Protein chains: 2
Amino acid sequence: MGMPMPSPFPPKRHDHHACIDEALTQAKAICLDQGCRLTPQREQILELLWQEHKPIGAYALLEQLRKTGVNAAPPTVYRALDFLLSHGLIHRIESLNAYTGCTTPGTPHRGQFLVCSQCQHVAELDDSAIDHQLDASARKLGFMIEHQTVEISGLCPHCRKSGHE
Amino acid sequence: MGMPMPSPFPPKRHDHHACIDEALTQAKAICLDQGCRLTPQREQILELLWQEHKPIGAYALLEQLRKTGVNAAPPTVYRALDFLLSHGLIHRIESLNAYTGCTTPGTPHRGQFLVCSQCQHVAELDDSAIDHQLDASARKLGFMIEHQTVEISGLCPHCRKSGHE
DNA sequence: TATGGAATGTTATACTATAACAATTCTTTC
DNA sequence: GAAAGAATTGTTATAGTATAACATTCCATA
């Protein structure tokens, strides 16, 4: 497995090109492995989703896509999103109706998200202690977990430091 | 404080009239205390939200409302929902775009929800162990929690027992 | 190089939520 | 009890999110 993620909140200035590259490389490998097709359009949309460490809505994505000269309609975007979601390459942030690249694609995981209410950056966790606690609480009630949505909003470390009125 | 909740998943057949009554009584007391007005329309919508232990969407609510002879438009419903949300009398289930009565109104709490994917019943938890784990994980990363969305979907105890194909 | 399935294009529409302004009701104060 | 101001409700229109349905194109494989 790769290096440990230094922090789920990367510094404001970091080599983001490397983030994009890694995401696309991983996605290609995963699709090859799973026997599914990361078509140019799907790849383009995945790349757009990785433009920033922020979730982006489907229609904002559509607008970005159009700026690149592609004249697409909503189903184009939603189909790509469906594909990427179903292969674990992106996540949907329910509380924002938005989508964001998955930082640990390829491995089945449930995921938790920290969303900064100020800068909108999102950090994906895969904190087993949280998973275990949710499992324990559910089990106690006889509930069988199939899927979970854990989205925490608040101030990220960067925004906490720089004046949070 | 009141009696401990027997189980967040009430038996299929229970005195649901008592659930509704209690919810409305508590809501009245809370509004009296907070100096806000639980108008007939707001009360009616709260009551409709308590018809079942299932979340209900705004437009389904609107339809129910119309069946009672009230000729309302969407803003009527959304305003009532906003009021009820802002006074902690109901919750919004993000993953369903739906709303459900709060089982512990009046006390500030963050809440976690178990949503049955089969019967759609929802159970509200206020499990401090989960809250503490989320706090601990967030704190470790320097993230300051403002709000949380924890929605677990899966099979409730009743549906687990009765054949889950 | 035919063919069947996957992917994409296209149009229309469903579902969720709010903006903006008018009308009404409630409460407070005189 | 009447006037003023605030809160609530009515009404119309529209913004924002997502999918249905069907036509067309692409592509792997035989």
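Helices here are DSSP runs (H or I, at least four residues), numbered from the N terminus, as are strands (E, at least two). This is a predicted model, in which local features need pLDDT of at least 70 and side-chain atom pairs count only at pLDDT 80 or more, while totals for chains, interfaces and linings use all residues. Residues are numbered from 1 along each chain as its sequence is written, with chains lettered from A and ligands numbered from 1 in the order in which they are written.

Start with DNA strand D. A residue counts as near if its C-beta atom, placed from the backbone, lies within 6 Å of the molecule or strand. Of the 19 residues around DNA strand D, those that come nearest are A:Pro74, A:Asn97, B:Thr39, B:Ala73 and B:Pro75.

Now turn to DNA strand C, which 19 residues surround, the closest being A:Thr39, A:Ala73, A:Pro75, B:Pro74 and B:Asn97. Two or more residues each come from helix H2 (40–49) and H4 of chain A, and from helix H3 (58–67) and H4 of chain B. H4(A) gives the most, with four residues.

Finally, look inside. In soluble globular proteins, nonpolar side chains tend to be buried together. Leaving aside neighbours within four places in sequence, A:Leu114 is in contact (C-beta atoms, placed from the backbone, within 7 Å) with residues of both chains, including A:Pro8, A:Ile152, B:Ala138 and B:Phe143.

Key:
Two residues are in contact if their C-beta atoms, placed from the backbone, lie within 7 Å.
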